[in-house]
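Thanks for coming. Please have a look at the sequence and the structure before I start talking.

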Amino acid sequence: MSVLAANPHVLYREVQYHNKDQQQQLWSGGGGSSLLLSQRTSFGCSWFDGRNKDLCKKNSKRDVKVAASWPDMTRPTSVEMEPIDDSHHLDKILLQAHELSQPIIIDWMASWCRKCIYLKPKLEKLAAEYDTKIKFYCVDVNKVPQALVKRGNISKMPTIQLWKDGEMKAEVIGGHKAWLVMEEVREMIQKFV
């Protein structure tokens, strides 16, 4: 049986048989959407007495139930990181974060750095996950005064730092695979949130 759903990206299908008359299929798509299809079929065949043994009457009964759940569309899937322009802007952000007692994440990057460019959308997706708990910012080291770069003590890029209470608490230097960097950033966030 074919089922058309609003989400065309079906990642996997699980088929479970509860008994021989009932079949359930769970279709799951990207972004947390799922579609449950429950189908029950029973066939019976009655034979007539007499000469027409070839004649078979089939009784069929079919019940189909469909239920769907879609992702929460009220939450963003990614949040654009706000750029930091100079030391005064950083001071203002740190003061605001201190008043809210929230940590902030700063991505120190450069426009020519391929790993920085590759990590930025992944960090923006992570920012959507922690939308109300942590604010994410970015600094392009070639577009800001070097005093700001020295204040962050940046030597390699990309460098992702967690700042809390006006000072840098932890950092991840992203010179290796993106998924490893993202796991390290998640661990860093879990320590301070």
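The buried residues of helix H1 are covered by, among others, strands S5, S6, S7 and S8 and helix H3. Keep in mind that this is a predicted model.

Which residues of H1 are buried? They are His89, Leu90, Ile93, Leu94 and Ala97. Looking down the helix axis, these buried residues sit within an arc of 135°, so they line one face of H1. The face turned away from that buried side carries His88, Lys92 and Glu99, which are exposed. The helix itself runs over residues 87–100, and its 20 Å from first to last C-alpha is close to the 20 Å expected. After H1 comes Ser101, with a positive phi near 50°.

Now to helix H4, residues 178–192. Its 15 residues should span 21 Å at 1.5 Å a residue, and the end C-alpha atoms are 22 Å apart, which agrees. Buried in H4 are Ala178, Val181, Met182, Val185, Met188 and Ile189. Down the axis of H4 they fall within an arc of 120°, so they too line one face of their helix. On the other side, Trp179, Glu187, Gln190 and Lys191 are exposed.

What do the buried residues of H4 pack against? The partners are strands S6, S7, S8 and S9, and helix H2.

Last, the cysteines. A disulfide is a covalent bond between the sulfur atoms of two cysteines. How many disulfides does the structure hold? The count is 0. Are Cys113 and Cys116 buried or exposed? Cys113 is buried, at 8% relative accessible area. Cys116 is buried as well, at 0%.

Technical notes. Residues numbered from 1 in each chain as written. Predicted model: local features only at pLDDT ≥ 70, side-chain atom pairs only at ≥ 80, totals over all residues. Heavy atoms only, no water. Helix = DSSP H or I, 4+ residues; strand = E, 2+ residues; numbered from the N terminus. Expected span 1.5 Å × (residues − 1). Buried < 20%, exposed > 50% of the residue type's maximum accessible area, 1.4 Å probe, protein only. Arc of directions from axis to C-beta. Contact = heavy atoms within 4.5 Å. Disulfide = S-S within 2.5 Å.
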